[in-house]
Amino acid sequence: MPLVLSAEEILNKAFRKTNKVQIIDRNALYKKKKTIIAKTESFSDTIVSSLEQYVKNFPSINNLPPFYQELIDIKISVGQLKKALGAVDWARKTCQMIYSKQSKSLRKSRKIDFLLSKQQEIYGRISSVIKQIDKELVVIIDAQKIMKKFPDISDIPTVVIAGYPNVGKSSLLRCLSSAKPKIAQYPFTTKEISVGHIERKERHITNRYQIIDTPGLLDRPISKKNDIERQAVAALTHLADIIIFVIDPTETCGYTLIDQMHLLSQVKKMFIDSYFIIVENKADFKKTGSKYLKVSCESGEGIEILIEKIYSNF
Ligand SMILES: Nc1nc2c(ncn2[C@@H]2O[C@H](COP(=O)(O)OP(=O)(O)O)[C@@H](O)[C@H]2O)c(=O)[nH]1
Ligand SMILES: [Mg+2]
């Protein structure tokens, strides 16, 4: 992505470049005239090509995975970003036109006063166009900041873990992942996201799946979530092919089974397109007579069966 500058920075950069323009000509009049033209051209070129880079090299929003689009939407709205890019493109065309319309009269004239006043006019008009898109440039700069901090999530089959705090979600993520889970911050909250991977080798093919734990997001009732957290959950719905909902029947997590079942029904409503695997954790400690798969991150009981269940649903 190009480094997008604010309106003031763009103008400063363009003016700085004009100071470096030097023309050599033995004829003093020609030297002055050519210098004025060259500076004006350099000013306009710097601006037009910067704006062109911004629009051309900005990642196509429509081609981003929906999860990332949703993340952009949370902070600045995709519509606003598209409008901002449109405004920058308009400014590029307008600046180009201002210069090309005036450059002929610059070339024709031999009056230095006239040339200088034309130059000032072009500087002024282009500057005012750039100042007009200052807000839009800031939108793009903000979008870039968000995009740089995107959590590193791939477009591969994904399992998301949900359940109350202390039921054993992080333990389960470690239990299921081959490597140490990576932890990244959500770009829009202080919330973290932990991503682990399972690899499944079948003859010569290795399939990779990612497992995501989202502390603070899928471990609380919807009524306790603020707007941003709700939107973050919405973003996650794009990722989750499978949801593992972890129940702690020992209630040592500090939440009753009734509360846990209530959270399950809420999460089910949010992730209507995902396949649910409900597990009862801490089976080494206590098992209920329920139909749910019993696992233990401590003893490893049930983990193989859980992995098979994950595979068979992809
Ligand atoms: N007895 C037992 N304790 C467990 C098991 N899994 C997790 N725990 C414990 O439960 C507590 C919370 O686990 P953690 O993975 O941090 O839960 P999270 O908040 O849902 O991520 C920790 O003290 C774990 O050691 C298990 O299978 N059996
Ligand atoms: Mg945890």
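Here are some notes on how this predicted model is put together.

1. Some housekeeping first. Residues are numbered from 1 along each chain as its sequence is written, while chains are lettered from A and ligands numbered from 1 in the order in which they are written. Since the model is predicted, local features need pLDDT of at least 70 and side-chain atom pairs count only at pLDDT 80 or more, but totals for chains, interfaces and linings use all residues.

2. Start with the overall picture: the protein has 10 helices and 7 strands (DSSP runs numbered from the N terminus, helices being H or I with at least four residues and strands E with at least two). Its radius of gyration is 29 Å, well over the 20 Å that the globule rule gives for 314 residues, so the protein is more spread out than a compact globule. (That radius is taken over C-alpha atoms, and the rule is 2.2 Å times the number of residues to the power 0.38.) The C-alpha trace spans about 100 × 45 × 25 Å along its principal axes.

3. Now look at helix α2 (residues 28–56) and helix α5 (residues 112–132): their axes come within 10 Å and cross at roughly 10 degrees. Axes here are lines fitted to C-alpha atoms, for helices over the stretch in contact, with angles from 0 to 180 degrees between N-to-C directions. The two helices are therefore roughly parallel (under 35 degrees; over 145 is roughly antiparallel, 65 to 115 roughly perpendicular, the rest oblique). Among the residues making the contact are Ile 36 and Phe 43 of α2 and Leu 115 and Ile 122 of α5 (contact means C-beta atoms, placed from the backbone, within 7 Å). By class, that contact has 10 nonpolar, 3 polar and 3 charged residues. Ala, Val, Leu, Ile, Met, Phe, Trp, Tyr, Cys and Pro count as nonpolar, Asp, Glu, Lys and Arg as charged, and the others, Gly among them, as polar.

4. Helix α5 also meets α4, with axes within 10 Å and a crossing of roughly 175 degrees. That makes α4 roughly antiparallel to α5. Contact residues include Ala 91 and Ile 98 of α4, plus Leu 115 and Ile 122 of α5.

5. What about α4 (residues 78–108) and α6 (residues 134–148)? They pack at about 125 degrees, axes 8 Å apart, which makes α4 oblique to α6. Their contact divides into 9 nonpolar, 1 polar and 1 charged.

6. Finally, 14 residues surround ligand 1, the closest being Gly 168, Lys 169, Ser 170, Ser 171 and Cys 297 (C-beta, placed from the backbone, within 6 Å). This shell has 4 nonpolar, 6 polar and 4 charged residues.

Technical notes
Contact = placed C-beta atoms within 7 Å.
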